[in-house]
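Reader: I'd like a quick tour of this one. Can we start with the charged pairs?

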Amino acid sequence: MKIPQITFPAPLAKLFSVLPQYPHAVLFTGFLNAVLSAHLQPRDLQALHGKQICIRMRDAGIEFHFSVTPSAFVARRRSPRPDLTISADARDYLLLGLRQE
């Protein structure tokens, strides 16, 4: 399936960027825990234990801040200096999820 070149509309991204980001992180980490818990062992992400991570969806104005513990992904409040930041547009994350990128 070919994914068209799309971006979030600027007004929607502006709205998302001013909303509290913590609720998004809670939903995101809940999803990660539900989907990945059966596939990951605690040692798989050991290098990330205790690290502050930020996943940024640039065109949508959304950030997910979380950390990795031995037993789960945990939502965190925004960190001014996360240990790891991954930034991309929503389309790029979609392509990764569909294994097309």
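Author: A search of the whole structure finds three salt bridges. A salt bridge here is a side-chain nitrogen of Lys or Arg within 4 Å of a carboxyl oxygen of Asp or Glu. This is a predicted model: local features need pLDDT of at least 70, side-chain atom pairs count only at pLDDT 80 or more, and totals for chains, interfaces and linings use all residues. Residues are numbered from 1 along each chain as its sequence is written, and side-chain values use heavy atoms, with hydrogens and water left out.

Reader: Which residue does R56 form a salt bridge with?

Author: R56 pairs with E63. The closest N and O atoms are 2.8 Å apart.

Reader: And E63, buried or exposed?

Author: E63 is buried, at 12% relative accessible area. The cut-offs: buried is under 20% relative accessible area, exposed is over 50%, and partly exposed is in between (1.4 Å probe, protein chains only). R56 counts as partly exposed, at 27%.

Reader: What else does the side chain of E63 meet in a salt bridge?

Author: R78, at 3.1 Å, N to O. E63 lies in strand 2 and R78 in the loop between strand 3 (73-75) and strand 4, so the pair ties together parts that are 15 residues apart in sequence. Salt bridges that share partners join R56, E63 and R78 into one network. R78 counts as exposed, with 57% relative accessibility.

Reader: Where do R58 and D89 lie?

Author: Their side chains meet in a salt bridge too, at 3.5 Å, N to O. R58 is in the loop between strand 1 (52-57) and strand 2 (62-68), and D89 is in the loop between strand 4 (84-88) and helix 3 (90-97), so this pair ties together parts 31 residues apart in sequence. R58 is partly exposed at 47%. D89 is partly exposed as well, at 23%.

Reader: Switching to rings. How many aromatic pairs does the search find?

Author: Four, over the whole structure. Rings of Phe, Tyr and Trp (its six-membered ring) pair if their centres lie within 6.5 Å; planes under 30 degrees apart count as stacked, over 60 as edge-to-face and the rest as tilted.

Reader: What's the geometry for F28 and F64?

Author: Stacked. The distance is 4.4 Å centre to centre, with 20° between the planes. F28 lies in helix 2 and F64 in strand 2, so the pair ties together parts 36 residues apart in sequence. F64 counts as buried, at 11% relative accessibility.

Reader: Which residues are in the ring cluster?

Author: Ring pairs link F28, F64, F66 and F73.

Reader: Where does the charged end of R77 sit?

Author: Over the ring of Y22, 4.0 Å from its centre. The test: NZ of Lys or CZ of Arg within 6 Å of the ring centre and within 35 degrees of the ring normal.

Reader: What is T29 in contact with?

Author: Leaving aside neighbours within four places in sequence, T29 is in contact with F66, F73, V74 and A75. Contact means heavy atoms within 4.5 Å. T29 is in helix 2. T29 is buried, with 5% relative accessible area.

Reader: Now the surface. Which residues make the nonpolar patch?

Author: L12, L15, V18 and L19 make a patch of about 340 Å². Patch residues have over 30% relative accessible area and no salt bridge; like charges are joined within 9 Å, nonpolar side chains (Val, Leu, Ile, Met, Phe, Trp, Tyr) within 5 Å. Accessible areas come from the Shrake-Rupley method with a 1.4 Å probe; for residues, only the protein chains shown count as cover.

Reader: Where do L12 and L19 lie?

Author: L12 lies in helix 1. L19 is in the loop between helix 1 (10-18) and helix 2 (22-36). Both are partly exposed: L12 at 33%, L19 at 34%. L12 and G61 are 49 residues apart in sequence, yet 8.4 Å apart in space, C-alpha to C-alpha.

Reader: Last one. What pattern does the protein follow along the sequence?

Author: α-α-β-β-β-β-α. That is three helices and four strands. Helices (H or I, at least four residues) and strands (E, at least two) are DSSP runs, numbered from the N terminus. The C-alpha atoms fill a box of roughly 40 × 35 × 20 Å, taken along the principal axes. Buried residues make up 26% of the 101 residues.
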